[in-house]
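Take a look at the model, then read the points below.

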Amino acid sequence: MMKKRFRLSEFLAEKIITATAFISFAFIVLIFVFVFRETLPIFSAPEPAVSNEEMGEQETYGDVQMSDAEKASEVKQQNKIELDEGASLKNLSSDRWQPVSSKPKYGLVPLIIGSLKVSLIAILFAAPVGILAALFTAAFAPRWAKEALKPVIEILAGFPSVVIGFFALVVMATFIQDAFGLEYRLNAFVGGIALAFAVIPIIFTISEDAIAAVPKNLTEASLALGATKWQTALKVVLPAATPGIFASVILGIGRAFGETMIVLMATGNAALVSADLFEPVRTMSATIGAEMAEVVFGETHYNVLFLIGSILFLFTFTLNAIAEIFIRQRLMKKFKGN
Amino acid sequence: MKKIIATLLLMTFSSSMFAADVITVKGSDTMVILAQRWAELYMKKNPNVTIQVTGGGSGTGISALINGTTDICNASRPMKPAEKQKLKLRFSTLGVEIKTAKDGIALYVNEKNPVKTLTLAQVKDIYTGKITNWKEVGGNDSRIILYSRENNSGTYVYFKENVLDDEDYSPSCQNMPGTAALVNAVAKDANGIGYGGSAYAKGINEIAVKSDASSEAFLPNAQNVKEGKYPITRFLFMYVKSKPTGAMKEYIDWILSDEGQIVVSKVGYFPLR
């Protein structure tokens, strides 16, 4: 046997690759830890509120003449005390989201309902479109159509969500309002449809891979037995690819749930508790996106936003895990035999 | 070769000499354009001062001041007691407040809306959800669609404290992620009402506001805001840790001077005097 020569370059390359893999892993874990750490203070008592009077007068610079009305308004603001009672379980489960208030209300119910409502609408639109498009591309499309369709739909996945959101805000909302005669221009429905644009490519890509991975012998056997192309696609290929398609839908829900910019722009962001699909909604992700920049760091409001982040994180994590299990175990088992 | 080295040396030397004073400014998105104009003009006149302006929001700016990562913080709302407390813990000072400009908050309705004036009390009832139909304030018989800013905005907080008397907004209030989005929504919604800086008002009508039922109605124009006649007027602030000295004092004095205040009206806000 030839003696293995030690090559420094190879050794380094190997170590660097290993390190990168572990660094990515470490990042995820650290983000996990960070998000949960910032959530934790919710469960301890809030710091006692301070009034402006206790803090004393702030110095001013520059001389500005104020009218009487302006002075009165300033005094009113100075004497205001914020009653931050912290986020008790009762407060968190209420149906009002009014975090900036003399008595902050951190009810998560409308936000969770909002996220579920928009994701549901999005998936109801995106799933049939995405799956059928995938079936067409994988099973029916002539070669040239396949070569054109796949990359184009995949480009849609890289489409900036701000652009989709802006399109929904400016064009789609008016169109949908006129078409259905709606009272609210921006609502869960508009947001859901816009979100579907972001979800379709995910469902399409994964479903298409799943359908294309169905072994050729299944299709050929079906065709040889005299089944038409359509029968083969619907009764042989589609059932065989079900686990992969199911996984694609679940990943699509995860994407819809976490998407921020589109819903922030197109849903109206009113924290309402209602089952009406044509009323504005406020989703969890949009709430974080909109409010994080201005909260007082370390305050209850800040911690509650991180709590919402943790909920989102756990939700998408679970969905991804389920999808992974479906792709890995069910699909692979099916094709490879036991 | 020697020549090149000499030039390089000279360049580093001179640039370090000219960039002796760096002032960082961070905060309110409402004020970011104004702050940039001020910085540009001031740097043109005083090449030895570098001013770096970033936005991010009033809250972000104030936390940067507390963390010591900015010299000046822009804010479209006054500092909260909790923030003052943090600043005191860190630097044992309450900070210094500088009023730099005035802003009138306009109420917008769609061009087709016949309502032209509202009293402050009516505005409050509309936004807290007590008045829900336009006919109650002299308009058409249709539901009022409420548009508001997001609760991260200084404008949201100001409006709530001063117009709604600190009551909560109606839950059906739609929160828009910026004044431009809000204006766009109202311009397309015949029954919509929204609020924001008058600098943005295009394609929509501004409402003339009365302090109470018997008083005169005023539009949010320069004259009315400057004289304090328009009832929804606020200040735009700068906060610093301690009484400004040196280059920072010169900069702030220049902002408060007539020259700095001209920039305020050019950007669409209202000067202090």
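In chain B, residues 24 or more positions apart account for 70% of the contacts with a separation of 6 or more. Two residues are in contact if their C-beta atoms, placed from the backbone, lie within 7 Å. This is a predicted model: local features need pLDDT of at least 70, side-chain atom pairs count only at pLDDT 80 or more, and totals for chains, interfaces and linings use all residues. Residues are numbered from 1 along each chain as its sequence is written, while chains are lettered from A and ligands numbered from 1 in the order in which they are written.

**Chain B overall**
- Chain B has ten helices and twelve strands. These are DSSP runs, numbered from the N terminus (helices: H or I, at least four residues; strands: E, at least two).
- Its C-alpha atoms fill a box of roughly 85 × 40 × 30 Å along the principal axes.

**Two paired strands in chain B**
- Strands β1(B) (residues 21-27) and β2(B) (residues 49-54) run parallel, joined by six bridges. Strands pair if DSSP finds at least two bridges between them.
- B:Asp21 has B:Val49 as its bridge partner in β2(B).

**Two helices in chain A**
- The axes of α7(A) (residues 161-180) and α8(A) (residues 188-212) come within 9 Å and cross at roughly 140°. Axes are lines fitted to C-alpha atoms, for helices over the stretch in contact, and angles run from 0 to 180 degrees between N-to-C directions.
- That angle makes α7(A) oblique to α8(A). Angles under 35 degrees count as roughly parallel, over 145 as roughly antiparallel, 65 to 115 as roughly perpendicular and the rest as oblique.
- Residues making the contact include A:Ile164 and A:Ala168 of α7(A), and A:Ile193 and A:Phe197 of α8(A).
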